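Please find below a short note for a colleague who is meeting this structure for the first time.

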Amino acid sequence: MFMEKHNIDVRNFDLIFVDTELTGLDLKHEIVEIGFLKVEKGTYKVLAEKCIKIKPTRLADANPESLAISGYNEKDWADAVDLKTGLSDFLSYTDNCMLVGQNIGVDMMHIKNGLEQCGLKPNYFYKGIDTFTLAWNKLIENTEIKRFSLSELAPHFGVNAGTQHRALDDARTTYGVFLKLIGR
């Protein structure tokens, strides 16, 4: 198994900038969209990007506010795939990669939960990079930044945020903020 290997040098991993949209924040809620950019290690060149819409199966459990925030509607999700197909597609890009995201713990928790539900195993490194933590560390003295959210960080760094709470746009925004945070 990937996570059991020893002497792993994480500098050799490509990065996957990921964002998920959900039917709510609890583990009972479902992923409805995964957006990601695969980025080459060292150069940070975008190798691939994709948005995967996933058809929810338990809309009765969904938080209506979360559905509104994510823009979920039956028309736009008419061609969405089931969870296993969507996560299998995602995994086809993530082998020997490290996930990066804004508040990455939430995304990783829901992806891992979905993988377990589908009988799939992660092929990416079990630790991720969190741009929230990077921003907090770098900008702690900046009193204009209060929540260290993407909606604050993107304009602070002059990054085009696209449409907020759309998975691919948020993954792109996270990538742009990350580059600014590391001085690229």
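**Notes on a helix pair and the cysteines**

1. The crossing of α5 and α6 is left-handed, and this, like everything that follows, is read from a predicted model. Helix α5 covers residues 150-157 and helix α6 covers residues 167-181, and their axes come within 10 Å while crossing at roughly 55°. The two helices α5 and α6 are therefore oblique to each other.

2. Which residues bring these two helices into contact? From α5, Leu150, Leu153, Ala154 and Phe157 take part, and they meet Asp170, Thr173, Thr174, Val177, Lys180 and Leu181 of α6. Sorted by class, the contact of α5 with α6 is made up of six nonpolar, two polar and two charged residues.

3. Turning to the cysteines, the structure holds zero disulfides. A disulfide is a covalent bond between the sulfur atoms of two cysteines. For Cys51, the closest cysteine sulfur belongs to Cys118 and lies 18 Å away, which is too far for a bond, given that a disulfide requires the two sulfur atoms to be within 2.5 Å. Cys97 is likewise in no disulfide, and the cysteine sulfur nearest to Cys97 is that of Cys51, at 18 Å.

Key:
Residues numbered from 1 in each chain as written. Predicted model: local features only at pLDDT ≥ 70, side-chain atom pairs only at ≥ 80, totals over all residues. Heavy atoms only, no water. Axes fitted to C-alpha atoms, helices over the stretch in contact; angles between N-to-C directions. Helix = DSSP H or I, 4+ residues; strand = E, 2+ residues; numbered from the N terminus. Parallel < 35°, antiparallel > 145°, perpendicular 65-115°, else oblique. Left-handed = near helix turned anticlockwise from the far one by under 90°. Contact = heavy atoms within 4.5 Å. Nonpolar A, V, L, I, M, F, W, Y, C, P; charged D, E, K, R; others polar.
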